[in-house]
Amino acid sequence: MTARPLHVLVAEVAARQPGAPAVSDGRQALTYGQLDVRAEGLAKAISAAGISRGAVVGVLLHRGVDHIAAMLAVTKAGGCYLPLHPGLPRERVRALAADSGCECVVGVRDPGVGTAFVPIDRVGPADEVLPVVDAAENAYVIYTSGSTGRPKGVVVPHASVVALVADPGLYPLGPGDRAAQVVTASFDAAVLEIWCALLGGAALVVFDDDVRSSPDRLLAAFAAERITASMLPTPLFNELAARPVPPGLRLRRIAFGGDAASPRAVAAAFESGLADVVVNVYGPTECTVVTTYLAMERMPSAVTLGSPRDGCVVRVLDRHGEVVPIGVRGEIHVSGTSLAAGYLGQPGLTADRFVPDPAGPAGSRAYRTGDIAWWRPDGTLEFAGRTDDQVKINGHRVELEEVRAAVERHPDVEQAEVVVQRDGETRRLIAHVVTRTAVEESDLREFVAAVLPHYLTPSGFVRLGRMPVNANGKVDRRALPHWRPATTGSAGDADPATARLAAIWSEVLGLPRVGALDNFFALGGDSMMAMAVARRAADAGLRIDAGQVLKSRTLADLAAGVRDAVREELVPEEQGEAPLIPVQQWALERGLEFVAHELFIATEPLDLVLLEKALAAVVERHQALRVRFTHGRDGWRQVPGPPAGGIVLGPRPRAFDVEHGPLWRLEVSPDRRRVLYESIHLVTDAVSLAVFMGDLEEAYRAVQRGGTPRFAPAPSSLAWARALSGLARSGVLRAQLPWWTDVLASATTTLPRDFDVEPSGEPEGWSPREISLGDLTPALVQPVLLGALAVAFREWSGESRTLIDLQHHGRVARPDLPSSLDGIGWYVILAPVVVHGCDLTELADPGRAARLVDEVSLHLASRPDEGLGYGVLRYLDPDPAVREALSRDAGIRLNYRGKRSALSREGLFRTAPYEADVQDELLRSHDLKIVAELGDSTLAIGVSYSRSQYRDTSVEVLTKAFEEAFAVLAHAATLASAQERGTR
């Protein structure tokens, strides 16, 4: 990768793949083309604010799409971006702005630090000329803890970041990847996360602090977002490695760094199948994030610092500057193209740490890291300590002198000394102070927390009459007393939730007991301990996350929050009516009544009395089974009420009725061995069938044993509907509107017909096919299927772009939506995709065929929230103009059901033997309805159509072209996948 400025390289990616997903955060999503345009407009606004060439520009934003666009804009404007977290104390923001000479701040609101301010949504004058930036100019400045008591601003040029990204074995990302962005932007690991993704053309998915605070929630979010790569702080990696991996999640690569590696955590990551490759990275901020790394495809004999990356020359020297032999300890010195420019505004410190490279050409430099290590015979480095007082706390670099200086700024503190206290595996910062008055420990903590970030704030304070000194008159750190938190007593006689939490706090904090009024921070807690509390609480059946632990002032406050959460779960959400889910509105507006059904064989004759009791428990658990639909002045609504179905014996009763019921039924055969579950789709989807029968079996067995079925509270589809309505009212999804209008505008929605009439009541035609998959993997079936349809429709209609309404299971995970994974309801998403076809003759080139599949895969991956926002905007947005902008329907609907066996059951109720039959409901929602289902070695696909519009022979031409295109694309995709695996 040639050393060019970062924004130039991103612009080149945008030119190659403008429609590919670039960045998303759960609220916004931008393609590379949109990101480049947005950053360009903001860059002109920054430039118009009058910043000088190379000026420092603060980016005061939470992590997300806005933050990424702002960093890119600063580099386009010729500036050097300074990440500033909105959660930093105001005094810290002022101090960093002053120290850096910051000329401008980009953010949501002006922080009042005496600089120019540019709002994040501002677009500069079109005629504003942006400077031409050289790769040798500075890209960013990140502050680290300072040994002089003053934080150090490390300035890094564009070329050093490009050299970091260029190493092919470190964190290689490409257009098919979806990379997580988890790390705080002021932590230099974010540089690796962000720029490896953007310069490689991958999709960057930003996860907020609430998701990050819970390892289980983060893993679930990784699975929901189909993440393939992640870089994590070591403590967070250790937490994730200890948790079960959600079904379907396997990262291609996971990297971690910032603290000593845990061989146990690495082994756990391999045992759980978390990732194909696990990478331990080491490197100071001054060497652009990573100096050495160890990439592991299996558990090695030792988890070392690894070997130098491209652009780094690493030497281990003794105190005389001589290279030490293998196995001998020395200080790590780093030279090469990876070095930072130095410390901002501190030339003396820069000269002290960035020294002339004795082994390099004239004028070259080497950085003295202060880290002690030794070379192993296998060519990797083994860490052995520090030459100074710098320490690592939860992955953050901490200079004790900076913390001491901040404590001594308190007006009542005469003298302070800060040490690291070790209690087992836990390390805490402890401040020993000599004070003028009897100042409270809480006052000292609040004072320091107002000027330092949380990781630099001491966990405990010890007041002394005077500091112990040694014979030389210096503070004798070994004589400083051990800090012990003062607790308020025992919580053992409290309610069960408080008692369980007290036991968890005691275990995590390493204390014999804690009291209900104890403060987590006052007892020495920190953010990583909060995550450990949340994990142990989940194991004990308590629903809390690390954010709640950090926000609650006392144990009693936290316990009260847990009790409130339990009450909220056990009490039904709201008993009143609810709006419709978008797909429900789509169906009812068109008078469509889709029916879901599944036949099950019982392994023993069923007792109808027991079955009735079991069914009653399932109906009580799932609100969707107790709902009806009403139509009034404001349209359709869903209203909870008594059960909307039940057990049926003998002849089938009256038809389903959305307003009066029934909406579902359980038909039992005379021999009590066959059970047919049927339901109108408004309250059930394919996943719901599996949930229903699983719950029914669990309840039946409980009743059979003489017990009472006991279920955990289930997700409510009515709560989901209310949450979607709230999203629509909030307007947060309107950022997705340009994406969806672009999709609708890029292809025609009108299909050619043999007879240009509206469909009649005549029975629909049906054209089925069963196609061999060959060696095609299940993950590639959908993009190959869509690509083949695009080619077939190109042959059939002459249109190069085809618009298809794609059906999706719809159970999308977002932090602002309730869970839906174990609920019953119709959660389906129906949203358009546009696929670009080519002539069948072009597919003779395997490269062209593989590119077509890649293009479809990228388009699918780029859809914001997998299409959720489309339905919310089209049917629920309060602005009629927004709804009107998305009111066009595609002429084709595709329901790709995936592999049916994934929802098949074994147990009391076994899924009946089944032959592939994908004939869909014969309902006139679209001109052409296509249904596909994956078998063990074949794909069953069928097209339904109205014979009043199409001749059978015309549709036969379409399906034959599809079959031919599918075979070619499947072969090309299989070859490309095999080649990719062979090069990893």
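**Entry 1: S717**

I started with S717, which is buried, with a relative accessible area of 4%. My scale: buried is under 20% relative accessible area, exposed is over 50%, and partly exposed is in between, with a 1.4 Å probe and protein chains only. This is a predicted model, where local features need pLDDT of at least 70, side-chain atom pairs count only at pLDDT 80 or more, and totals for chains, interfaces and linings use all residues. Residues are numbered from 1 along each chain as its sequence is written, and side-chain values use heavy atoms, with hydrogens and water left out.

S717 sits in helix α21. I take helices (H or I, at least four residues) and strands (E, at least two) as DSSP runs, numbered from the N terminus. What does S717 touch, leaving aside its neighbours within four places in sequence? I found I581, A624, I824, G825 and Y827 in contact with S717, contact meaning heavy atoms within 4.5 Å.

**Entry 2: the whole protein**

I stepped back and noted 27 helices and 39 strands. Of the 984 residues, 57% are buried. Among contacts between residues at least 6 apart in sequence, 69% join residues at least 24 apart. The protein exposes about 40000 Å², and carbon and sulfur atoms supply 51% of that; these areas come from the Shrake-Rupley method with a 1.4 Å probe, and for residues only the protein chains shown count as cover.

**Entry 3: helix α12**

Next I checked α12, residues 400–408. Seven of its nine residues are buried, so the helix is largely enclosed by the rest of the structure. I listed the buried ones as L400, E402, V403, R404, A405, A406 and V407.

**Entry 4: cavities**

How many cavities of 30 Å³ or more does a search of the whole structure find? It finds eight. A cavity here is a set of points, on a 1 Å grid over the protein atoms alone, where a 1.4 Å probe fits but cannot get out; lining residues have an atom within 4 Å of a point. Grid points are joined across faces, edges and corners, and a volume is the space filled by probe spheres set on the points.

The largest cavity holds about 240 Å³. It is lined by 28 residues, and S24, R178, R863, P864 and D865 are the closest to its centre. Two or more lining residues come from each of β1 (21–24), β2 (29–31), β10 (203–206) and α24 (846–862). β1 gives the most, with four. I sorted this lining into 14 nonpolar, six polar and eight charged residues; Ala, Val, Leu, Ile, Met, Phe, Trp, Tyr, Cys and Pro count as nonpolar, Asp, Glu, Lys and Arg as charged, and the others, Gly among them, as polar.

The second largest cavity holds about 170 Å³. Of its 19 lining residues, P582, V583, I829, L830 and G871 lie nearest the centre. The elements giving two or more residues are α18 (582–589), α21 (717–730), β35 (829–836) and α25 (868–876), and α25 gives the most, with five. This lining divides into 13 nonpolar, two polar and four charged residues.

**Entry 5: D208**

Last, I looked for D208 and found it in the loop between β10 and α7 (209–212). D208 is partly exposed, with a relative accessible area of 24%. A polar atom of its side chain lies 2.9 Å from the backbone nitrogen of V211. D208 and Q181 are 27 residues apart along the chain, and their C-alpha atoms are separated by 8.9 Å.

Definitions and conventions. 1 Å grid on protein atoms, 1.4 Å probe; cavity = no way out; pocket = protein on both sides within 12 Å on 5 of 7 lines; lining within 4 Å. Polar contact = N/O pair within 3.5 Å; in protein donor to acceptor, adjacent residues only side chain to side chain.
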